[in-house]
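Please examine the structure shown here, beginning with the ligand and its surroundings. The explanation then turns to a single residue and its contact.

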Amino acid sequence: DKREFRHFMLKEIHEQPETAALWVSRHLPEGLPASMPVALPFDEAFYAGIERIEILACGTSRHAALVGAHLLEQFAGLPTAVHYASEFRYAPPPLAPNTLTIGVTQSGETADTLAALAMEAQRRCAHPDPAYASRQLGVTNRPESSLSRQVPHILDIGAGVEVGVAATKTFTGQLLAFYGLAMAFATRSGSRSAAEIQTLADELRMLPQQLQELVSLHDQRSEALAHRFAETQDVIFLGRGINYPIALEGALKLKEISYIHAEGYPAGEMKHGPIALLDAHVPVVSIAVPGTVFEKVLSNAQEAKARDARLIGVAPEGPDTALFDDLLPVPEVSEWLSPLLTVVPMQLLSYHIAAHRGLDVDQPRNLAKSVTVE
Ligand code: M6R
């Protein structure tokens with residue numbers, strides 16, 4: 001039932017404050033001790049001795065994994081690699097000891113992700129040294145799926161049924177799962193003080209309210225902006241650091257539902273080739289949030305502007321961001337939290353561009369909700 005919404009995708013974007021609130025109530029209930037700042041369904045043996053993480057995923061789930069890897073490395077201090085499941089199957093890296101392998105798949109049915117996990121479990125089982133034993137976790141929205149029959153531990157993102165082929169609320173649900181894991185590992189690795197972990201937990205508790213405001217604001221702003229994309233054929237999305245995967249996700253969302261060619265790049269990479277594409281017909285969407293790479297992203301955006309590109313900023317309002325021709329404003333939060341907010345204007349912009357073009361947003365051509373063949 002789409003209720004008052006024109007498409008399931010729009011409904012599911014609007015459900016994100018609710019699914020975030022549910023996640024907070026489950027995993028960040030008030031009164032958790034500092035020694036356990038996040039409640040996850042695992043015992044100590046699950047975490048014991050893990051020294052590195054490998055993540056296997058496809059599509060949007062892989063983008064969530066890239067944000068997760070940033071958090072696991074930069075916040076929790078654990079070396080983490082993300083692989084396309086389809087590539088990992090035929091070119092797995094050499095085995096490393098004490099590794100947790102995480103499969104991320106909202107449907108729990110993606111053939112490449114399941115096969116890559118199975119292959120990894122098999123080669124680890126064949127290893128004589130117990131340090132190389134298989135340790136696997138699945139992050140999914142379908143705890144009853146094939147994934148859960150295959151891996152010993154499941155983190156259920158609990159986002160509720162998602163009908164639209166374009167993943168939206170399951171993406172933010174996967175991100176939240178990684179925030180939970182990063183806090184849990186940071187507590188054990190000692191990479192962050194209890195106060196730092198607590199600050200992140202407190203920020204996450206405020207997220208549902210911020211998402212609520214953001215979704216309402218951007219539904220209107222993106223709809224107004226979408227009209228300008230009637231003739232657009234190519235769009236570049238730029239981000240850096242923890243928001244680089246959000247640039248990839250913005251580009252994927254736009255491609256899959258509006259059929260507009262879009263590319264996501266780490267902003268600093270633009271001058272190594274893609275800048276040649278830019279002119280007045282190629283809009284550039286830049287994610288620029290205060291933090292370690294703010295100035296850098298702004299100067300990358302300036303370079304695009306010098307090539308006459310129309311600049312759309314996903315950034316806080318203020319003098320620093322006056323260079324953008326159009327601003328999709330996001331509130332100022334810590335850089336750690338920012339992907340959970342910057343993705344919302346991306347989703348809504350893609351949605352409104354596709355809806356404005358009269359396309360079948362929920363059932364885009366050539367795509368299925370879960371890809372159960374190789
Ligand atoms: O069910 P999964 O999370 O494993 O699906 C992976 C991809 O097929 C999926 O994310 C796809 O990219 C979506 N259509 C993105 O919106």
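**The ligand and its surroundings**

In this predicted model, the ligand is surrounded by 14 residues, and the closest are Ser61, Thr105, Ser107, Thr110 and Glu256. By class, this shell comprises five nonpolar, seven polar and two charged residues.

An N or O atom in the side chain of Glu256 lies 2.4 Å from an oxygen atom of the ligand. For Ser107, a polar side-chain atom is 2.6 Å from an oxygen atom of the ligand. Val165 takes part through its backbone: one of its polar backbone atoms is 3.2 Å from a nitrogen atom of the ligand. Taken alone, the ligand exposes 410 Å², and the protein buries 92% of that area.

The space that the ligand takes is the largest pocket. Which elements give two or more residues to the shell around the ligand? They are helix H4, spanning residues 59-75, and helix H10, spanning residues 244-258.

**A residue in helix H12**

Attention may now pass to Thr342, which is found in helix H12, residues 339-356. Is Thr342 buried or exposed? Its relative accessible area is 1%. Thr342 is therefore classed as buried, because this value falls under the 20% cut-off. The side chain of Thr342 also has a polar partner: it makes a polar contact of 2.7 Å with the side chain of Asn243.

Definitions and conventions. Residues numbered from 1 in each chain as written. Predicted model: local features only at pLDDT ≥ 70, side-chain atom pairs only at ≥ 80, totals over all residues. Heavy atoms only, no water. Near = heavy atom within 4 Å. Polar contact = N/O pair within 3.5 Å; in protein donor to acceptor, adjacent residues only side chain to side chain. Areas by Shrake-Rupley, 256 points an atom, 1.4 Å probe, with all protein chains shown as cover. 1 Å grid on protein atoms, 1.4 Å probe; cavity = no way out; pocket = protein on both sides within 12 Å on 5 of 7 lines; lining within 4 Å. Sits in = over half its atoms within 2 Å of the grid points. Helix = DSSP H or I, 4+ residues; strand = E, 2+ residues; numbered from the N terminus. Nonpolar A, V, L, I, M, F, W, Y, C, P; charged D, E, K, R; others polar. Buried < 20%, exposed > 50% of the residue type's maximum accessible area, 1.4 Å probe, protein only.
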